[in-house]
Amino acid sequence: MQIGIITSSMDGNRAGIGSYTYNLVKNLLKTDKKNDYTLIHKYRSNNPIYRDANEIIISYPEIPLRETLGNNILLPLKLKHYKLDLIHDPSQISPFMFNPAPTKVLTIHDLTPVIFPEAHGKIHAFLQNNVFPRTLKHVNSIITISNSTKNDIIRYFKITETKIKVIYNGVDDRFKVLHEDEIKSVKEEYGIKHPFILFVGTLEPRKNIPTLLKAFYLLKKKNTPHKLVIVGGEGWKYESVYETMNSLNLQKKVIFTGYVPDEDLPKLYNAADLFVYPSLYEGFGLPPLEAMACGTPVITSNTSSLPEVVGDAGILVNPFSVEEIAGAMESILKNKSLREQMIKRGLKRSQMFSWEKCAKEVVKIYKSLEEV
């Protein structure tokens with residue numbers, strides 16, 4: 001089959017969906033030698049992955065609502081000129097209203113614009129609530145990354161269950177336990193001179209960082225020597241994060257690194273004594289899995305997909321309870337036996353998820369559609 005994959009999300013700084021797309025494509029090209037792959041994106045990239053596949057570059061003109069109109073109208077119209085048997089959009093953009101290929105596969109990561117519209121721009125929320133449901137009618141198969149998101153899709157869009165396949169994300173091989181000598185440099189680079197608690201994620205309301213800061217404030221009252229390191233770029237409505245930090249006078253206790261290069265992230269996970277991720281809603285929740293693979297104890301929310309991913313390897317908390325989050329942090333930092341037990345469970349749990357396994361499951365979807 002001639003398979004096209006829309007890969008714009010993996011160009012530039014890769015966050016959640018970009019990381020998913022990159023790891024999926026990398027493993028598809030490595031493990032599937034029967035199909036021919038064409039990678040479709042907007043700008044020429046230096047990423048060497050484009051040398052291993054065919055490439056289509058479709059740029060958008062400088063017009064109002066450039067990305068919105070480009071993704072939903074220009075992209076599918078231009079793709080009609082290429083002979084592709086199947087197009088897979090791993091980024092949830094879904095340019096399928098104009099049927100650019102006979103067979104269409106869509107990965108849906110989460111329904112945050114539908115469930116938390118206040119955490120997104122008005123245009124994005126409008127598209128997800130109005131245009132997005134219509135495009136789903138043109139999709140042959142939907143891949144989603146957790147049973148939690150699958151249930152959300154059925155609930156909000158009334159999609160037939162048989163059309164949806166759950167294929168879990170993987171954890172990249174670079175997320176592993178490192179030697180102390182390998183992580184020393186990253187602490188120096190980001191000015192980390194104390195033991196620390198780590199958070200990784202975009203600064204946006206859904207990530208619930210103000211509640212984490214309040215819990216950390218309670219923890220500091222117990223005279224813990226730890227600082228809080230927050231890794232991630234500024235997203236939608238990030239201002240409340242800094243407002244909360246300033247109101248609690250934590251300016252000297254919190255380190256914001258901004259976006260960090262891929263090679264630094266495993267080192268930061270390894271260097272942390274604890275990883276805390278009190279997100280309100282996740283389609284999968286990759287950072288807790290990455291932390292566990294690096295041998296770092298995890299505290300995360302008891303909501304959405306997070307219990308499904310972490311299992312019994314982490315401590316699950318009510319993301320709205322400042323006291324519960326603070327208490328869990330204190331328990332792990334003060335109880336060496338608990339900490340060691342969580343490290344072992346986390347390492348074992350993380351081995352259940354691999355990108356190679358994910359890619360092979362996706363190829364099965366392609367094959368099943370070819371046979372229809």
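This is a predicted model: local features need pLDDT of at least 70, side-chain atom pairs count only at pLDDT 80 or more; totals for chains, interfaces and linings use all residues.

Why is the sulfur of Cys 358 too far for a bond with the closest cysteine sulfur? The sulfur of Cys 358 lies 19 Å from that closest cysteine sulfur, which belongs to Cys 294, and this is too far for a bond. A disulfide is counted here when a pair of cysteine sulfur atoms lies within 2.5 Å, and the structure holds 0 disulfides. Cys 294 is accordingly in no disulfide, with the sulfur of Cys 358 as its nearest cysteine sulfur. In terms of accessibility, Cys 358 counts as buried because its relative accessibility is 2%, and Cys 294 counts as buried at 3%; buried means under 20% relative accessible area, exposed means over 50%, and partly exposed is in between, with a 1.4 Å probe and protein chains only.

Residues are numbered from 1 along each chain as its sequence is written, and side-chain values use heavy atoms, with hydrogens and water left out.

Taken as a whole, the protein chain has 14 helices and 13 strands, where helices (H or I, at least four residues) and strands (E, at least two) are DSSP runs numbered from the N terminus. Its radius of gyration, taken over C-alpha atoms, is 21 Å, which agrees with the value near 21 Å that a compact globule of 372 residues would have, by a rule of 2.2 Å times the number of residues to the power 0.38. Along the principal axes, the C-alpha atoms of the protein chain fill a box of roughly 65 × 40 × 40 Å. Of the 372 residues in the protein chain, 56% are buried.

Helix α10, residues 286-293, is largely enclosed by the rest of the structure, because 8 of its 8 residues are buried. Among these buried residues are Leu 286, Glu 290 and Ala 293. Just after α10, Gly 295 takes a positive phi of about 75 degrees.

Helix α2, which spans residues 66-79, is the place of Leu 77. With a relative accessibility of 37%, Leu 77 counts as partly exposed.
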